[in-house]
Structure formats: C-alpha cells, structure tokens
Amino acid sequence: MGDRRWLKVGIYIGTFCLATVVTIILATTYRMHFGPPRVIAAPTPAQTVEAASQTDSPATPSVEHGFVYTADLSNPSYTPSERIELADPSNYGERYTVDAYGQPLNQDYLAVLHETVWSANSAINTFQTYHPRDQDQVSYHTIIDRDGTVIYIVPPEKRAYGAGNSVFNGPNGPETATTNPAFASSVNNFAYHISLVTPSDGQDNAFSHSGYTDAQYKSLAWLIARTTIPEERITTHAAVDRSGSRQDPRSFNWAHFLEYLHQYPSRAA
Ligand SMILES: [Zn+2]
C-alpha cells in the first residue's frame, strides 16, 4: 500500500509541475501578443464612456499598417505602472488600407485624447463586454488611471472605436476615413485613442471638473514619447468630433502636458 501512496504523490507532483509549465507558456504567449508596447525602432509612422463608432466594413482590413513605437526612453526618471485589460474582440477591429470605396488610406497616426467620465473599471467592463450590435461597440487603445497606471485595452496596430463622426483638421487639411458606408466617416482608422480617468467630481455632463493628476500628465507624456506620433498630431475628441456632442477631455491642461512631453529630448520644444 505504501508504494501506491507514493505513486499517487508522484502523480500529483508531476501533474502540478506540468500545469505550472503550461501556465507559464500560455502567459508568455499572451504577453507577447497583447502585452505593453515593446520598443521597436522604426521611422514609419454622458453615462456611457463614449458613443459607438465605426465598425467592420466590406473594405479590406490590414494587419500590417505599421504602428510603431520609437525608442525614446531617455527620461528614465519616470516609469509608470502598466497593466493589460484586453477588450472583447467585438469592440475593436483591423485597420484598413483602402476605404469603403476602394481609395487607399495612408494617413499618419493621430493621438486622440479622451476622458472616461466614470472609473477605469467601469470603462474596462464596457470594453470587455461582448457587443454584437455595431452601435454598442466601443473602445480606446489605452486608459491612464488617476495614479498614472497605463492600462492597455486594444493593441495599437488594431483599430479602436473611440470616435464616431469625426474629422482631424491639421496641417494636411481635413483628414477622415469612411470604412463603412453605413456610418459617418471618422478618424478611427488612423487614431490612437488614449483616455484619462475623470476625477470623481466630473462624473456628470458639467462643462468642467477639477482636472487630471500630475501622474496622469506624466504618464501621458511618457506614452506619447514612445510613439512615432508628432506633437502636431496630438488632438482631442472634442476637436475632431463632428456630432456636436463631445467635449472631452474636459479641463485638460495642455501647458502642463507639454511641459512633461518636452522633457524627452526627441520632443524638446
Ligand atoms: Zn471621447
């Protein structure tokens, strides 16, 4: 009987070790695909959180649209906490290389700033909920929590549904893309959506609130400095919105943000 007991113990230990190894392999694979952005040097470029926006279309999706992070980590004095809260796949899609009418889409990337209105967890719950209806599908790429934690929701090479009817009026003139003829054109195809968590006194539709924390501005600068997106292509949802219903991020202090951004040598004013 003694031998059988040891055999059982051996099987238990063996099974436990195998399970541990499998878990490590799965976790590593997940992180490789959905983890925080790895540094790659290359030069190319209300109640709900947000209203619904553009979704899948007959246009041809492209995975190889080339969103890349630069290697500017030259400000080692600040490193935010990071974590991953991947959205449900119904809430994001591929970036397209041609629009719904077959015209090529080659806009440079655009950073669009938002605020969550409600808590980070509330936003994450919304994004992790399966949304079969186009009008319910919504997401940002990244959320910056009150303590500066950077939360990755949608991989940057994918198209997040952060803005509906929208146009960017920048140095190149009006930029927008129609990827689904059933919806108004939007900036989603070339946007990188970043949302700041709203303070508790801003959980309403008031015109302003007490603003964002110092850690949020630092983390936002850190995140932007890691991308290839130039300063003139950083904008807000309020600025690109054409629905007349968006005013976020309210109470955003551009001077404060730029002060931190310019501390990165590649972003010096
Ligand atoms: Zn917004």
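**Notebook: the core, α3 and the sheet**

I began with the largest nonpolar core, which has 46 residues. Inside it, Leu 110, Ala 111, Ala 221 and Ile 224 have the most contacts. I then listed the elements that give two or more residues to this core: β4 (110–115), α2 (120–127), β5 (142–144), β6 (150–152), β10 (191–196), α3 (214–225) and α5 (254–261). The largest share comes from α3, with 7 residues. I keep in mind that this is a predicted model.

**Overall count**

I looked up the secondary structure and found 5 helices and 11 strands. The chain has 269 residues, and 38% of them are buried.

**Helix α3**

I checked the span of α3 next. The helix has 12 residues and reaches 17 Å from its first C-alpha to its last. That is close to the 16 Å expected at 1.5 Å a residue.

Is α3 enclosed or open? I count it as largely enclosed by the rest of the structure, because 10 of its 12 residues are buried. The buried residues are Gln 216, Tyr 217, Lys 218, Ser 219, Leu 220, Ala 221, Trp 222, Leu 223, Ile 224 and Ala 225. I note that Gln 216, Lys 218 and Ser 219 are on that list along with Trp 222 and Leu 223.

What do these buried residues pack against? I find β4, β5, β6, β10, β11 (234–236) and α5.

**The sheet**

I traced an open sheet of 6 strands in the order β2-β6-β5-β10-β4-β11. Its pairing is mixed. The edge strands are β2 (82–84) and β11, each pairing on one side only. From one strand to the next, the twist averages 25 degrees. I see α3 packing on this sheet, where it touches β4, β5, β6, β10 and β11. The direction of α3 makes about 150 degrees with that of β5.

I went through some pairs one by one. β5 and β6 run antiparallel, paired over 3 bridges. Ile 143 has Ile 151 in β6 as its bridge partner. β4 and β10 pair in the parallel sense over 6 bridges, and Glu 115 stands opposite Leu 196 in β10. β4 and β11 are also parallel, over 3 bridges. There, Ala 111 stands opposite Ile 234 in β11.

**Strand β4**

How many residues of β4 are buried? I count 6 of the 6, so β4 is largely enclosed by the rest of the structure. I sorted its side chains by direction. Leu 110, Val 112 and His 114 point one way, while Ala 111, Leu 113 and Glu 115 point the other way. In a regular strand, side chains alternate between the two faces of the sheet. Both sets in β4 are buried, His 114 and Glu 115 included.

Leaving out residues up to four places away in sequence, it touches Tyr 192, Ile 194, Ile 224, Ile 229, Arg 233 and Ile 234.

**Leu 261**

I ended on Leu 261, which lies in helix α5. Is Leu 261 buried or exposed? It has 23 C-beta neighbours inside 10 Å, so it counts as buried; the cut-off is 20 or more.

Which residues does Leu 261 touch, not counting those up to four places away in sequence? I get Ala 221, Ile 224, Ala 225 and Arg 267. I also looked up Ser 219, which is 42 residues from Leu 261 along the chain. Their C-alpha atoms are separated by 9.6 Å.

Definitions and conventions
Residues are numbered from 1 along each chain as its sequence is written. This is a predicted model: local features need pLDDT of at least 70, side-chain atom pairs count only at pLDDT 80 or more; totals for chains, interfaces and linings use all residues. Helices (H or I, at least four residues) and strands (E, at least two) are DSSP runs, numbered from the N terminus. A nonpolar core is a set of buried Ala, Val, Leu, Ile, Met, Phe, Trp, Tyr and Cys residues joined through C-beta atoms within 7 Å. Two residues are in contact if their C-beta atoms, placed from the backbone, lie within 7 Å. The expected span of a helix is 1.5 Å times one less than its number of residues. Two strands pair if DSSP finds at least two bridges between them. Axes are lines fitted to C-alpha atoms, for helices over the stretch in contact, and angles run from 0 to 180 degrees between N-to-C directions.
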